[in-house]
Amino acid sequence: MLNLLRKIFLLDLIQGLWVTFRYQQPKYIYTEQYPAQRPKIAERFRGAPRLNINPETGETLCIACNLCALACPENLIVVGSERDEKTKRKVLTTFTYDISRCMFCGLCEDACPVDALELTQDFELASYSREGAIWDRQMLEEGPRPTKYAW
Amino acid sequence: MPDGTFLDATELVLNMGPQHPSTHGVLRVILKLDGEKVIGTECVIGYLHRGVEKIAENRTYPQFAPYVDRMDYVAAVSNGLGYCLAVEKLLGVEVPPRAQAIRVILTELNRIASHLIWLGTHALDVGAITPLFYCMREREEILNIFEKYCGARLTTHAFRIGGLQYETYDTFESDVRAFCDMFLPKVDEYEELLTGNRIWIGRLRNVGILNAEDCKAYGVTGPLLRAAGVKWDLRKAQPYSGYEQYDFEIPTGTRGDSYDRYLVRIQEMRQSVRIIRQALDGLPGGPIMGKVPKVIKPPVGEVYVSIEAPKGELGYYIVSDGSTQPYRVRVRPPSFVNLQALDKMCRGALVADVVVVIGTIDIVLGEVDR
């Protein structure tokens with residue numbers, strides 16, 4: 001009897017409608033007006049790579065040990081180095097990082113013994129060409145540069 | 001597909017997918033129909049095949065860990081846990097208790113996230129659009145916790161072989177606790193929307209019945225098996241990562257139909273919250289990384305480790321030839337095995353029920369095809 005009444009008066013549907021009705025004025029609005037409103041990125045976010053430099057001397061922190069290149073599952077890091085004749089130490093010459101193949105797993109960052117290579121919170125990695133996705137040492141140190149046009 | 005290629009005049013072969021939105025990805029199902037009735041189905045898979053098992057043979061053990069996240073991408077943490085446990089067993093490495101507890105918290109959070117995606121998309125397939133938005137809203141909170149913990153939201157790469165790479169962040173405990181407190185009333189809300197709803201019951205009740213014998217014959221695991229009334233959960237049957245310390249129940253159904261699977265998964269979300277709370281209460285201190293050699297070179301041998309992923313038994317079979325790279329990695333994905341039962345569940349049903357059955361199996365094509 002009670003079940004029949006519930007059926008006749010559509011109580012199950014009204015119960016569901018009441019749930020949606022309660023959200024007439026939601027407390028939190030989850031939609032983000034993206035370019036105007038920037039998302040909050042977590043501190044540990046793994047985004048664009050950066051090659052850190054010593055802020056006082058402007059020299060790179062990288063010791064050209066090649067561990068990041070060995071750790072990378074996709075072999076997308078190429079470290080170029082030459083031996084300094086005076087100090088007998090390896091000096092970094094070139095560093096390329098192909099972000100088009102990167103899956104941001106963070107293994108290179110973990111492998112770095114001097115915290116030179118770091119994945120930053122920057123997530124806007126679009127470029128106009130495939131070559132633009134291959135970052136050289138200058139780009140890794142200074143951050144991505146916006147494309148400039150002649151006009 | 002049933003025998004014989006000649007069709008009766010009333011029979012019709014219909015392609016469903018691979019671009020059909022309710023096949024949850026790129027599954028193609030060839031339906032043989034008699035009017036509206038399904039008399040046979042055949043799955044065509046492989047549209048998302050990336051050769052993950054072959055990739056493993058060219059990567060070192062730690063290097064392969066990010067790839068397993070890309071199989072079942074809605075439950076990436078569970079995949080990572082299974083792989084790490086397998087390699088740890090091969091190495092004979094003990095994982096510190098703190099790392100184990102944090103692993104349990106994260107995998108249970110991921111179980112909730114995976115079930116939320118399932119609930120939202122399954123309800124969407126059936127025609128209830130509202131739960132999708134609510135489920136995504138709660139899942140967002142879980143993904144935020146993942147992002148703060150390990151820096152990625154979906155393909156997390158949260159665990160490393162031997163333990164964890166990252167220590168918990170400052171507000172980790174309070175964030176997870178706040179999520180647990182917030183989440184339980186929301187589950188009641190989903191139930192208010194769906195459990196008593198006559199359309200939902202009408203679409204799901206007695207659709208896609210798979211009894212316990214059939215489940216065992218097909219190797220079906222996870223919520224499908226439990227909905228058929230079998231109390232089988234690897235977290236209880238073969239406890240791993242310290243699951244034996246936690247007190248939780250295995251929800252089971254009785255009829256083994258789609259509606260029971262829905263109830264089982266809803267209950268599982270509640271049980272996951274219970275496990276998370278216990279793990280947080282007894283979160284031990286100490287190191288988070290076990291004694292793992294710098295170069296991971298397991299001894300010659302083979303190992304099979306399986307865990308209870310959100311979708312069923314997820315197993316890793318790894319053969320080591322003593323080098324830094326695995327000789328062979330075979331993954332036993334739950335979705336792939338569960339998908340076999342689609343034909344059995346669809347026969348005699350209507351075309352609209354095929355959508356329900358695909359939804360209720362909870363497949364992720366990234367895992368089916370690998």
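## Ground rules

This is a predicted model, so to speak of local features we need pLDDT of at least 70, side-chain atom pairs count only at pLDDT 80 or more, and totals for chains, interfaces and linings use all residues. Residues are numbered from 1 along each chain as its sequence is written, chains are lettered from A and ligands numbered from 1 in the order in which they are written, and side-chain values use heavy atoms, with hydrogens and water left out.

## Where the two chains meet

Let's start with the interface. Chain A puts 28 residues into the contact and chain B puts in 32, where contact means heavy atoms within 4.5 Å. Between them the chains bury about 2500 Å², with 47% of that on carbon and sulfur atoms. Buried area here is the accessible area (1.4 Å probe) that two parts lose on being put together, summed over both. On the chain A side, A:Tyr23, A:Arg44 and A:Arg46 lose the most area to chain B, together 26% of what that side buries.

As for polar links, 19 residue pairs are in polar contact across the interface, both partners at pLDDT 80 or more. A polar contact is a pair of N or O atoms within 3.5 Å; within protein, one must be able to donate a hydrogen and the other to accept it, and residues adjacent in sequence count only if both atoms are side-chain atoms. The elements of chain A that give two or more residues to this side are helix 1 (2–8), helix 2 (11–22), helix 3 (67–71) and helix 4 (107–111). Helices (H or I, at least four residues) and strands (E, at least two) are DSSP runs, numbered from the N terminus. Helix 2 of chain A has the largest share, seven residues. Sorted by class, the chain A side has 15 nonpolar, four polar and nine charged residues; Ala, Val, Leu, Ile, Met, Phe, Trp, Tyr, Cys and Pro count as nonpolar, Asp, Glu, Lys and Arg as charged, and the others, Gly among them, as polar.

## Salt bridges across the interface

Four salt bridges span chain A and chain B, a salt bridge being a side-chain nitrogen of Lys or Arg within 4 Å of a carboxyl oxygen of Asp or Glu. B:Glu192 pairs with A:Arg22 at 3.9 Å, N to O.

B:Arg59 and A:Glu74 also form a salt bridge, at 3.7 Å, N to O. This pair crosses between chains: B:Arg59 is in the loop between helix 1 and helix 2 of chain B, and A:Glu74 is in the loop between helix 3 and strand 2 (77–83) of chain A. B:Arg59 counts as buried at 15% relative accessibility, while A:Glu74 is partly exposed at 23%. The cut-offs are under 20% relative accessible area for buried, over 50% for exposed, and partly exposed in between (1.4 Å probe, protein chains only).

## Helix 6 of chain B

B:Glu189 belongs to helix 6 (residues 172–194) of chain B. Leaving aside neighbours within four places in sequence, B:Glu189 is in contact with A:Val19, A:Arg22, A:Tyr23, B:Tyr134 and B:Arg137. With B:Arg137, B:Glu189 forms a salt bridge, the closest N and O atoms being 3.6 Å apart. That pair links helix 6 to helix 5 (residues 130–150) of chain B, with the partners 52 residues apart. Both are buried: B:Glu189 at 9% relative accessibility and B:Arg137 at 13%.

In another salt bridge, B:Glu191 joins B:Arg270, with the closest N and O atoms 2.9 Å apart. B:Arg270 lies in helix 11 (residues 258–281) of chain B and B:Glu191 in helix 6, 79 residues apart. B:Glu191 is buried too, at 19%.

## A covered helix

Helix 2 (residues 61–68) of chain B is largely enclosed by the rest of the structure, because seven of its eight residues are buried. Its cover includes helix 3 and helix 4 of chain A together with helix 1 (52–57), helix 3 (76–91), strand 7 (312–320) and strand 8 (326–332) of chain B.

## Two positive phi values

A:Asn66 has phi near 75°, a positive value in a residue other than glycine. A:Asn66 sits in the loop between strand 1 (49–51) and helix 3 of chain A and is partly exposed at 29%.

B:Ser241 also has a positive phi, near 50°. B:Ser241 is in the loop between helix 10 (234–237) and helix 11 of chain B, and is buried at 7%.
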